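Let's take a friendly walk through a protein structure together. Take a moment to look it over before reading on.

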Amino acid sequence: MIPSNASFDSDQIAALEWLYLNRTRPEWNNLVAVNLSLGGDTSSTFCDNDAVALKAAIDQLRSVNIATIIASGNTGKKDAVSFPACISSAIAVGSTDFTFINDAYSEGVSSFSNAPTAANNAPNANGDRLLDVLAPGGGITSSYMSGYASLSGTSMATPH
């Protein structure tokens, strides 16, 4: 298994299974997505065989239309994403930045974002891609400790 630096895989699996079992809680008003903003080693291919139990938990949620959305990582790889975003049935999210140049806004992939280029992001037989979507992740104002801070990273992009 490819290690994740943020938590034990067994804890991630237990959390996903708990969400599956509790998905219809009335106070949640129909759970539709799960956000995992964590990362480990990078992989330039799907890592399904290295994460069989974690993939099974993600697939179980997917079977009831709950998306597992995972940050692609912040090491600037253009041919890989971080574990566990490399699981084919997860939705891997990279980061974009907005810049203001010549009285106009432009958007591009953040330099820190793991975001495989088109040549390295071909779909598999199920149509899944290593990187699924890009979202704003640079300079995002968020709650932080005892106030607010401007933060950047694929963990900021993933909830978008």
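Here, a residue counts as exposed when its relative accessible area is over 50%, and as buried when that value is under 20%. Please keep in mind that this is a predicted model. With the cut-off in hand, look at Met145: its relative accessible area is 79%, so Met145 is exposed. You will find Met145 in the loop between strand S8 (140–144) and strand S9 (147–151).

Met145 also has something curious in its backbone. Most residues other than glycine have a negative phi, and most peptide bonds are trans. Met145 is not a glycine, yet its phi is positive, at about 45°. Asn29 is another non-glycine residue with a positive phi, in this case near 50°. Asn29 sits in the loop between helix H1 (9–21) and strand S1 (33–36). Is Asn29 buried or exposed? Its relative accessible area is 62%, so Asn29 is exposed.

Which two residues does a cis peptide bond join? They are Phe83 and Pro84, and omega there is about 10°. Pro84 belongs to the loop between strand S4 (81–82) and strand S5 (91–101).

Now turn to Ser110, in the loop between strand S6 (104–109) and strand S7 (133–136). Ser110 has a relative accessible area of 0%, so it is buried. What surrounds Ser110? Setting aside neighbours within four places in sequence, Ser110 is in contact with Lys78, Ser95, Thr96 and Asp97.

Let's step back to the whole chain. It holds three helices and nine strands, and along the sequence they follow the pattern α-β-β-α-β-β-β-β-β-β-β-α. Among contacts between residues at least 6 apart in sequence, 69% join residues at least 24 apart.

How does the overall size fit? For 160 residues, a compact globule would have a radius of gyration near 15 Å, and the protein chain has 16 Å, so the two agree. The C-alpha atoms fill a box of roughly 50 × 40 × 25 Å along the principal axes.

Finally, consider the inside and the surface. Buried residues make up 40% of the 160 residues. The chain exposes about 8,700 Å², with carbon and sulfur atoms supplying 52% of that area. As for charge, there are 7 positive and 14 negative charges, and their mean positions are 5 Å apart.

How values were computed: Residues numbered from 1 in each chain as written. Predicted model: local features only at pLDDT ≥ 70, side-chain atom pairs only at ≥ 80, totals over all residues. Heavy atoms only, no water. Helix = DSSP H or I, 4+ residues; strand = E, 2+ residues; numbered from the N terminus. Buried < 20%, exposed > 50% of the residue type's maximum accessible area, 1.4 Å probe, protein only. Contact = heavy atoms within 4.5 Å. Rg over C-alpha atoms; globule rule 2.2 N^0.38 Å. Areas by Shrake-Rupley, 256 points an atom, 1.4 Å probe, with all protein chains shown as cover. Lys, Arg positive; Asp, Glu negative; His and termini not counted. Charge placed at Lys NZ, Arg CZ, Asp CG, Glu CD.
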